[in-house]
Amino acid sequence: LLATSSSNVVGALGDYSAEAAGLFNNMRTPAALIGGALVPIGILNAPTIQEHDSKRMKLLKKINIVIGVASLLSEILAVVYSSIAINKIAEVAQPQTTGVAQLIAEKHELAWLGTNIHFLLGMLGFSLIVGSKSFFAIGASMGRVTISWSIATFLQALAIVNRGIALGSGNEVKSRFASNFGILIVKYISYAYKASRGGVCGFAAFSVTIYAVWETIKTLIVSLNDNDDIKNVPAP
């Protein structure tokens, strides 16, 4: 259902705009709920670096806040993608198609990819944040238990997503690409890049995203050999 093509379509034509709007709303509502939960759990109450922390603990705390911020921003993008798509479906007359999958594939594919991918990335990140919370709060012994459950849930959710993508959209529309979540992300990035070339903001966002990824990786690598993190942390 996440990625579709209009080839091999059979059946009667009809108006499926209401169903398409409903599918986008199915993603928008939980994305907003998860985003709201991420603010206090993953950002406002994120663990702070202490002077007595080991190098590994400092690195884990940095990774934790990066996951929290990235997950929240991902859910925000899911809400934006789905909200604009719902508005356009209501404002612009939609063509008749043989099913809702064909309508989304032909008219709203980028929005559908963006909504699903960002919702799922934020949700997966949220599961890691929840597990790591107890790790930082009550120590490694019990924290290893909760974070193990969290990672197990993360992997199981990813497996469910991969199976859903592999199934495609049923008989009415044949899946065009993506056998798993990773390939789907690559396709989404390709689509998003093509769309970004049509405007200044889109291209700037794409460029800043690349810079942010580079800075994140570089900072985490430097942290492995940095013993002075606490000097840059403001006093509570």
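**A note on one helix pair and the salt bridges**

1. α1 passes α4 in a left-handed crossing. Please keep in mind while looking at this that the model is a predicted one. Helix α1 covers residues 17-44 and helix α4 covers residues 109-138. Their axes lie 9 Å apart, and the packing angle is about 30 degrees. Because angles under 35 degrees count as roughly parallel, α1 is described as roughly parallel to α4.

2. From α1, the contact is made by Leu-23, Phe-24, Met-27, Pro-30, Ala-31, Ile-34, Ala-37, Leu-38, Ile-41 and Gly-42. From α4, the partners are Ala-111, Trp-112, Thr-115, Asn-116, Phe-119, Gly-122, Met-123, Phe-126, Ile-129 and Lys-133. By class, the contact of α1 with α4 has 15 nonpolar residues, 4 polar and 1 charged.

3. Now to the charged side chains. How many salt bridges does the model have? The count is 3.

4. One of the bridges joins Lys-61 to Asp-53, with 2.7 Å between the closest N and O atoms. Are Lys-61 and Asp-53 buried or exposed? Lys-61 is buried, and Asp-53 is buried as well.

5. Another bridge pairs Glu-91 with Lys-88, where the closest N and O atoms are 2.6 Å apart. Where do these two sit? Glu-91 and Lys-88 belong to helix α2, which runs over residues 55-91. They are 3 residues apart there, so about one helical turn separates them. Glu-91 is exposed, because its relative accessible area is 54%, and exposed means over 50%. Lys-88 has a relative accessible area of 37% and is partly exposed.

6. The bridge between Lys-218 and Glu-215 brings the closest N and O atoms to 3.1 Å. Both residues are in helix α7 (residues 200-223), where a spacing of 3 residues amounts to about one turn of the helix. Lys-218 is partly exposed at a relative accessible area of 35%. Glu-215, at 23% relative accessibility, is also partly exposed, because the buried class is for values under 20%.

Notes. Residues numbered from 1 in each chain as written. Predicted model: local features only at pLDDT ≥ 70, side-chain atom pairs only at ≥ 80, totals over all residues. Heavy atoms only, no water. Salt bridge = Lys/Arg side-chain N within 4 Å of Asp/Glu carboxyl O. Buried < 20%, exposed > 50% of the residue type's maximum accessible area, 1.4 Å probe, protein only. Helix = DSSP H or I, 4+ residues; strand = E, 2+ residues; numbered from the N terminus. Axes fitted to C-alpha atoms, helices over the stretch in contact; angles between N-to-C directions. Parallel < 35°, antiparallel > 145°, perpendicular 65-115°, else oblique. Left-handed = near helix turned anticlockwise from the far one by under 90°. Contact = heavy atoms within 4.5 Å. Nonpolar A, V, L, I, M, F, W, Y, C, P; charged D, E, K, R; others polar.
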